[in-house]
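Hi everyone, thanks for coming. I'd like to walk you through one model today, so please have a look at the screen.

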Amino acid sequence: MINKIVIHCSATPNGREHDAAEINRWHLDRGWDGIGYHYVIKVDGVIENGRPEYWTGSHARGHNTNSLGVCIIGMDDYNDLQWNALRSLIDDLLYKYPDAKVIGHNEISKKTCPGFDVQKWLISIHV
């Protein structure tokens, strides 16, 4: 059962487009079994599927079981299309998994990813 939704960034230059297929290649090159994220939000706001939800992610060491990984393309400066897509996706996932907690990768690792405070963002969109 999914109990966490972990938001990541691609750690690529802000505004430069990348997609799930490209991330899949990067992760295969690292010796992984394919893209580690379940969803990718592109610069144009399109939400792409990564690995299927039933397939355990490879996105947050020690937290992959029972979690979904969402990757937003960029480093720390996202456009309105991306913010709207992220909100829509998170709303859909919380409808599907109402007991899941939404967190940033930086809340469970020593990384800056996703480049913003997820808890403050959640408060700002649900007020």
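This is a predicted model: local features need pLDDT of at least 70, side-chain atom pairs count only at pLDDT 80 or more; totals for chains, interfaces and linings use all residues.

Residues are numbered from 1 along each chain as its sequence is written, and side-chain values use heavy atoms, leaving out hydrogens and water.

Now the inside. A nonpolar core here is a set of buried Ala, Val, Leu, Ile, Met, Phe, Trp, Tyr and Cys residues joined through side-chain atoms within 4.5 Å, where buried means under 20% relative accessible area (1.4 Å probe, protein chains only). The largest such core has 24 residues, and Ile7, Val70, Leu86, Ile90, Leu93 and Trp121 touch the most other members. Its largest share, five residues, comes from α2; helices are DSSP runs of H or I, at least four residues, and strands are E runs of at least two, numbered from the N terminus. A second, separate core of eight residues includes Ala20, Val43, Cys71 and Ile73.

Leucine 93 deserves a look. Beyond its neighbours within four places in sequence, leucine 93 is in contact (heavy atoms within 4.5 Å) with Ile5, Tyr39, Glu53, Leu68 and Val70.

And at the surface? Threonine 65 sits in the loop between β3 (47-49) and β4 (67-72). Threonine 65 is exposed (over 50%), at a relative accessible area of 54%. Its C-alpha atom and that of arginine 25 are separated by 23 Å.
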